[in-house]
Amino acid sequence: MILIAGPYRSGTGDDPVKLAANVRAMEAYAVPLFRSGHLPVVGEWLALPLVALAGSRTIGDGPFVEIFHPVAERLLERCDAVLRMGGASQGADLMVQVARQRGLHVFHALAEVPGCEGLAEPIP
């Protein structure tokens, strides 16, 4: 299982259209990883519904902070690796740091992932 970690809020001003584009950019890696024999996971797939269920009204409010990054950190307890994609992101960098502390593989390009050699970076 590989956690795909990339920018979510960075550079968006919390604009919903830009946030959604960042999720799509991470999701673009999911099918190539799956087709190469991996189980891809994007933390936002789990975190965003939980944040909403917890009563979050705005990005960065109490329920958001309580759940958003901790979901990905808990996912890393089950993952074998992280694929760090995209540009600047404190959250994605945190996931890389946590992954390294746990001795997990960290990849910075799709072609670095076993079974994905020769694959081009996806275009969202």
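Buried residues are taken here as those under 20% relative accessible area, exposed residues as those over 50%, and partly exposed residues as those in between, with a 1.4 Å probe and protein chains only. The structure is a predicted model, in which local features need pLDDT of at least 70 and side-chain atom pairs count only at pLDDT 80 or more, whereas totals for chains, interfaces and linings use all residues. Residues are numbered from 1 along each chain as its sequence is written, and side-chain values use heavy atoms, with hydrogens and water left out. Helices (H or I, at least four residues) and strands (E, at least two) are DSSP runs, numbered from the N terminus.

In helix 3 (43–53), the buried residues are Gly43, Glu44, Ala47 and Val51. These residues lie on the same side of helix 3, because they cover an arc of only 75° around the axis, the arc being that of the directions from the helix axis to the C-beta atoms. They pack against strand 1, helix 1, strand 2 and helix 4, where contact means heavy atoms within 4.5 Å. Ala52 and Leu53, by comparison, are exposed and are carried on the face of helix 3 turned away from its buried side. Helix 3 is followed by Gly55, which has a positive phi, near 95°.

The loop between helix 3 and helix 4 (62–75) also holds Ser56, which is buried, with a relative accessible area of 17%. The side chain of Ser56 makes a polar contact with the side chain of Asp61, at 2.8 Å; a polar contact is a pair of N or O atoms within 3.5 Å, of which, within protein, one must be able to donate a hydrogen and the other to accept it, and residues adjacent in sequence count only if both atoms are side-chain atoms. When residues up to four places away in sequence are not counted, Ser56 touches Val51, Asp61, Pro63 and Phe64.

The strands form an open sheet of four, with the order 2-1-3-4 and parallel pairing, two strands being paired if DSSP finds at least two bridges between them. Strand 2 and strand 4 are the edge strands, each of which pairs on one side only, and the twist averages 25° from one strand to the next. Axes are lines fitted to C-alpha atoms, for helices over the stretch in contact, and angles run from 0 to 180 degrees between N-to-C directions. Strand 1 (2–5) is joined to strand 2 (residues 40–42) by three bridges, and Leu3 stands opposite Val41 in strand 2. Four bridges join strand 1 to strand 3 (residues 81–84); Ile2 has Ala81 as its bridge partner, Ile4 stands opposite Leu83, and Ala5 is partnered by Arg84. Strand 3 is in turn joined to strand 4 by three bridges, with Val106 in strand 4 as the bridge partner of Val82.

In a regular strand the side chains alternate between the two faces of the sheet. From strand 1, Ile2 and Ile4 point one way and Leu3 and Ala5 the other way, and all are buried. From strand 3, Ala81 and Leu83 point one way and Val82 and Arg84 the other way, again with all of them buried. Helix 3 lies across strand 1 and strand 2 and runs at about 35° to strand 2. Helix 5 packs on the sheet and touches strand 1, strand 3 and strand 4, its direction making about 150° with that of strand 3.

A nonpolar core is a set of buried Ala, Val, Leu, Ile, Met, Phe, Trp, Tyr and Cys residues joined through side-chain atoms within 4.5 Å. The largest such core has 24 residues, of which Leu3, Tyr8, Phe68, Leu76, Val82, Met95 and Ala99 touch the most other members. Strand 1, helix 1 (16–27), helix 3, helix 4 and helix 5 (90–101) each supply at least two residues of this core, and helix 4 gives the most to it, with six residues. Apart from this core lies another, of 15 residues, including Ile4, Met26, Leu83 and Val113. Tyr8 touches Leu19, Asn22, Val23, Glu44, Leu48, Ile59, Phe64 and Phe68, not counting residues up to four places away in sequence.

Ala109 is found in the segment after strand 4 (105–107). With residues up to four places away in sequence not counted, Ala109 touches Leu83 and Glu121. The C-alpha atoms of Ala109 and Glu121 are separated by 7.1 Å, although these residues are twelve residues apart along the chain.
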